[in-house]
Amino acid sequence: MHELSVSSAVVDTVLKHAAGRRVTVVSLRIGHLRQVVPDSLAFYFELVSRETLCEGARLEQEYVPARLRCAGCASEWDPEDAWFRCTRCGGPGEVIAGDELEVESIEVEEAACTA
Amino acid sequence: MHRVKVRVVEDALDANNTIARANRDDFDRRDVTVVNLMSAPGAGKTTLLERVLGSLDGVRAGVLEGDVQGSYDADRLASLHVPVTQLNTDPGFGGECHLDANMVRSALPELPLEDIDLLVIENVGNLVCPAEFRVGEDARIMVSSVTEGEDKPLKYPLMFRTCELVVVNKIDLLPHLDFDLDALLANIEAVNPGVPRMLVSARTGEGVDAWRDWLLDQAAREVPA
């Protein structure tokens, strides 16, 4: 159900940028920390985009691995290894990658230029 | 007809966050502190509110009660003589499992913002979607009860790492459970280092004073200019 609300937000963002043009491809960048299940998102995207200009658009999902950086000593690690506490100095980790939930680009149809 | 690629590079939640900022501005203008209370269903959000809302030492509180349907929680809080506004996600919002900024915005005209200092938004019980949607709050509170299992912070890290306080509720049940409290606290610390934690039993009243004090402290904070 998480993917339902995410796909609604995606479709809203896409329609805003499509500005009335039919959308054929939607490219997303989704960080590991968003806990989005790709198949589930594709399923709900198909559902939510029905009867909109996104209907039938191909959904591309680029997965972004998570990366944390220590606020104290600047060392970096994967949160799968140590979550949000630095293994070197014990400082708190800041997310530098993996929080993305981004519409990267879209492909739209435009009438051929007749000039 | 030809196809054109349009570079967008926009967070899909930008639209929500923009509305959330507008809500926050409206709350700030009226000097209302707003907390977003979140948890799994049945963790004790409403009981925690019942415990303190009637005794907030001059701080005038109000509640925005989010539910998919019904007004069961709002009915429980009505006896405390604080203004409670019901916000159902079922009619008009498709039965959403969370509150988002736009739903809260739609409820603003019904909130007595001039007459309160503290607004508690009780979110829909759910550990996943509410974490994604800011609603214009100053602080987020996560209630985790000891009947839920000590691994919850690791299973739902987004929720646990985006909150400013974790209230561990139902501690009166600890003697009856095979629950490793230290493991829960370590898991909270792992996903949100340094986040304040509170051990409470809304049923017996243990720890409730600290919970009340935390709310009073939030309400006393100056709105940043």
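**View 1. Glu110(A) and its bridge partner across the two chains.** In this predicted model, Glu110(A) has His2(B) as its bridge partner, a residue that belongs to β1(B). Elsewhere along β1(B), Arg7(B) is the residue that stands opposite Ser105(A). The two strands concerned, β1(B) and β6 of chain A, the latter made of residues 101–110, pair in the antiparallel sense over 8 bridges. Strands of a sheet pair through backbone hydrogen bonds, either parallel or antiparallel.

**View 2. An open sheet built from both chains.** The sheet is formed by 4 strands in the order β2(A)-β1(A)-β6(A)-β1(B), and the pairing within it is mixed. From one strand to the next, the twist averages 15 degrees.

**View 3. Helix α1 of chain A lying across the strands.** Residues 2–18 of chain A make up helix α1, which lies across β1 (23–31) and β6 of its own chain and also across β1 of chain B. Relative to β6(A), this helix runs at about 45 degrees.

**View 4. The contact between chain A and chain B.** Where the chains meet, 28 residues of chain A are in contact with 29 residues of chain B. On the side of chain A that touches chain B, the elements giving two or more residues are α1 and β6 of chain A, and β6(A) gives the most, with 10 residues. Sorted by class, this side of chain A has 14 nonpolar residues, together with 7 polar and 7 charged ones.

**View 5. The nonpolar cores.** The largest nonpolar core has 59 residues, and those with the most contacts inside it are Leu119(B), Val120(B) and Ile121(B). Leaving aside residues up to four places away in sequence, Ile121(B) touches a set of residues that includes Val34(B), Leu37(B), Leu64(B), Leu99(B), Val104(B) and Val135(B), as well as Asn36(B), Gly66(B) and Glu137(B). Another core, of 22 residues, lies apart from the largest one, and among its residues are Val10(A), Val23(A), Leu28(A) and Leu41(A).

View 6. Asp28(B) has its place in helix α1 of chain B, which spans residues 14–29. Because 16 other C-beta atoms lie within 10 Å, Asp28(B) is partly exposed. Although Asp28(B) and Asp138(B) are 110 residues apart in sequence, they are 9.4 Å apart in space, taken from C-alpha to C-alpha.

Note on methods: Residues numbered from 1 in each chain as written. Chains lettered and ligands numbered in written order. Predicted model: local features only at pLDDT ≥ 70, side-chain atom pairs only at ≥ 80, totals over all residues. Pairing = 2+ DSSP bridges. Axes fitted to C-alpha atoms, helices over the stretch in contact; angles between N-to-C directions. Contact = placed C-beta atoms within 7 Å. Core = buried A, V, L, I, M, F, W, Y, C linked by C-beta atoms within 7 Å. Buried ≥ 20, exposed ≤ 12 C-beta atoms within 10 Å, placed from the backbone. Nonpolar A, V, L, I, M, F, W, Y, C, P; charged D, E, K, R; others polar.
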